[in-house]
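Trainee: Could we go through this model together? I would like to start with its salt bridges and then turn to one helix.

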Amino acid sequence: MHLFKLSLILFITGAIFSLISGKKASVYVSGIFSSIAALFVLISSIDILLYQNGFTIQLPINIPFLTPIIGVDPFSAFFILLISLIAIPISIFSIGYMSSELSNLPVNIIGFLYNLFLLSMILLVSAKDALLFLIFWEFMTLISYGLIISNTSSNESRSAGFLYLLMTHIGSAFLLALFVIMANYSGSFQFESFHNIYKIMPTNLNLLLFIFALIGFGTKAGLIPLHIWLPEAHPAAPSHVSALMSGVMIKTAIYGILRVTFDFLNPTSYLWGVGLLLVAVITALVGIIYASQENDIKRLLAYSSIENIGIIFIPISTGIIFYSLNLHELAGISIVISLFHAFNHSIFKGLLFMCAGSVISVTHTRNLLKLGGLIKKMPQTSLFFLIGVLAVCAFPPFNGFASEWLIFQN
């Protein structure tokens, strides 16, 4: 718990010092503080996963109807591990990447927002109150919006930021309705009061709340047809931010849908899973079709993330089917497989976005048709790019193959 608290302090300190430092110093301050803070919270999450010793912390906040408690249980710890594990190499990469962008981007503001972005995601999956969860959800959304539009001279960034803000707030409205309805039945906004709330709610209302959760979290995840913001926003952001958004941020939606579906609503009909399976398969197919037609390297990777979100939701949907049929062991296996692929996707997609950022910094173009012969000029980047591509293609023995093979077997 002490390492977790220290990491939160380091993220805030890194944000403040990034803002007030000189431009060149800000790059190092942001990268160093965020990587050390991520390391501390990574160690804390591993400890919880190994020894199952979760904890709760009372925040010094006094807001009516809100219980300012954050806590980490093993489920939250997995997502904190995912966030922090990916954040460490991305934070180190950001030092070199942002140093090459000193004259093009407001690096102080980006360093400030970058540290707060990591902080918001960790606090989000640690929230134990629905209102607090929504506050951190909005916090994460607004910070990522600021990072998307950080290139103020780009019309692409501004339009992508507006579309992102519009779509994510539509999703947030459904989440607000979801939690208000559940709180009306439970008498509290605390997550603890939502456990097994399905027992006191009509069956049809359970289904409606599942649909609300699917829309609210599916918008952030990039499920079809709620995906339209993703291929616009991810390429517009700085490459290290794109790596976090595609590799990590969209996984917070996976956390939300799993928490609400299995912890609160308890799937009562296999049709929930059948409907979600249809959406997941369409998402995967549409994502890869659009990716195969793209010439913009970052848009291609963004569409690939949409495809992989669909793949991640396939075992979630089968898990819902198994759970509704009281096959809880099979449901558990399906969810573990889903989390395994979410973990693997975070690793190889973060790697690919960092490689893409390096290529763009050197060549000053995102057009694949204009890129050629890079292996001679950037041999190390080419090697890592090859590794990432083989993983995303599910080529054995890389990690993408391992999880996708399990999904196929499931």
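Predicted model: local features only at pLDDT ≥ 70, side-chain atom pairs only at ≥ 80, totals over all residues.

Trainee: How many salt bridges does a search of the whole structure find?

Mentor: The search finds 6, a salt bridge being a side-chain nitrogen of Lys or Arg within 4 Å of a carboxyl oxygen of Asp or Glu. One of them joins E232 to R299, with the closest N and O atoms 2.9 Å apart. That pair links helix α9 (residues 230-236) with helix α12 (residues 297-324), 67 residues apart; helices are DSSP runs of H or I, at least four residues, numbered from the N terminus.

Trainee: Is R299 buried or exposed?

Mentor: R299 is buried, with a relative accessible area of 17%, whereas E232 is partly exposed at 30%. Buried means under 20% relative accessible area, exposed over 50%, and partly exposed in between (1.4 Å probe, protein chains only).

Trainee: Which residues are linked in a network of salt bridges?

Mentor: D73, K128, R259 and D263 are. Within it, D263 and R259 pair at 3.0 Å between the closest N and O atoms; they are 4 residues apart in helix α10, so about one helical turn separates them.

Trainee: Changing topic, how many residues of α10 are buried?

Mentor: In α10, 25 of the 27 residues are buried, so the rest of the structure largely encloses this helix.

Key: Residues numbered from 1 in each chain as written. Heavy atoms only, no water. Helix = DSSP H or I, 4+ residues; strand = E, 2+ residues; numbered from the N terminus.
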